Amino acid sequence: MIEIKNFSKSYKGGKKAVDNLNLKVEAGDIFGFIGHNGAGKSTTIKAIVGILDFEEGDIFIDGRSVKEKPMECKRITAYIPDNPDLYEHLTGIQFLNFIGDVFQVSREEREERIQRYADGFEITGALGDLISSYSHGMKQKLAIISALLHKPKLLVLDEPFVGLDPKAALNLKNIMKEICKEGNSVFFSTHVLEVAEKLCNKVAIINQGKLVACGETKELIQNTTLENLFMEVVEHDK
Ligand SMILES: Nc1ncnc2c1ncn2[C@@H]1O[C@H](COP(=O)(O)OP(=O)(O)OP(=O)(O)O)[C@@H](O)[C@H]1O
């Protein structure tokens with residue numbers, strides 16, 4: 001679903017934020033992307049979802065290059081940033097309908113999905129309110145619902161569990177599992193290693209822009225924990 005080939009990115013005047021990254025996410029994977037602050041996670045994620053230009057390497061979504069076919073890639077992808085900026089002057093339902101229109105989701109499908117996901121996140125009663133009145137967590141829930149409206153083949157999330165209450169976090173984990181059971185894929189960055197260990201069938205660890213571990217979670221951690229593995233590979237790499 002995602003194939004990253006020799007991807008590197010340098011920001012102006014800086015060192016390489018990501019250095020020759022190679023990675024594959026298959027259909028059905030819940031893939032956790034782990035690394036210290038500044039390791040290169042958001043840079044990689046932004047390149048995957050087509051909002052950051054890069055010169056070195058290529059990234060393919062379901063076989064299409066994000067450079068050559070950006071619109072086709074965006075059509076089948078949903079991205080939730082770590083701090084979603086939503087249209088504050090719209091109500092929740094106006095925003096969801098706007099996104100539904102952009103992605104040409106039929107009325108029946110959007111109504112069914114909005115009801116299911118808004119009930120799951122317990123924000124149905126707030127959908128008529130202006131987004132500017134929402135708490136941080138409510139905005140995050142709305143962003144997640146909007147991302148799911150067009151049933152994306154690939155869901156990409158940057159630090160999705162920060163700011164969600166425990167019930168909402170559990171709901172999101174269940175949604176991720178459901179999406180992947182249907183043959184779609186989820187790729188997300190996190191600092192919460194316990195969540196990644198339990199939820200992800202595959203993980204990758206990035207350190208100072210370089211991939212230092214990648215594979216099936218069970219095979220990578222064997223008899224230890226993801227936290228131990230992370231500390232080991234990151235310390236070893238110093
Ligand atoms: N717009 C930018 N301009 C210059 N340098 C940047 C920019 N964005 C990121 N960087 C640098 O690139 C490197 C990787 O940053 P990135 O945001 O990808 O890390 P991250 O792993 O997502 O970190 P965090 O966990 O703190 O979100 C860091 O050294 C950072 O300072």
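**Exercise 1.** Determine which residues of helix α9 (residues 226–236) are buried and how they are arranged about its axis.

*Solution.* Step 1. The model is predicted: local features need pLDDT of at least 70, side-chain atom pairs count only at pLDDT 80 or more, and totals for chains, interfaces and linings use all residues. Residues are numbered from 1 along each chain as its sequence is written.

Step 2. Helices (H or I, at least four residues) and strands (E, at least two) are DSSP runs, numbered from the N terminus. A residue is buried if 20 or more other C-beta atoms, placed from the backbone, lie within 10 Å of its own, exposed if 12 or fewer, and partly exposed in between.

Step 3. In α9, Leu226, Leu229 and Phe230 are buried. Viewed down the axis of α9, these buried residues fall within an arc of 100° (taken from the directions from the helix axis to the C-beta atoms), so they line one face of the helix.

Step 4. Asn228, Glu235 and His236 are exposed, on the face of α9 turned away from its buried side.

**Exercise 2.** State which elements the buried residues of α9 pack against.

*Solution.* Contact requires C-beta atoms, placed from the backbone, within 7 Å. The partners are β3, α7 (193–199), β9 (202–207), β10 and α8 (217–221).

**Exercise 3.** Describe the open sheet and its edges.

*Solution.* Step 1. Strands pair if DSSP finds at least two bridges between them. The six strands run in the order β6-β7-β8-β3-β9-β10, with mixed pairing.

Step 2. β6 (77–80) and β10 (210–216) are the edge strands, each pairing on one side only.

Step 3. Strands β7 (residues 154–158) and β8 (residues 185–190) pair in the parallel sense over five bridges; Val156 has Phe187 of β8 as its bridge partner.

Key: Contact = placed C-beta atoms within 7 Å.
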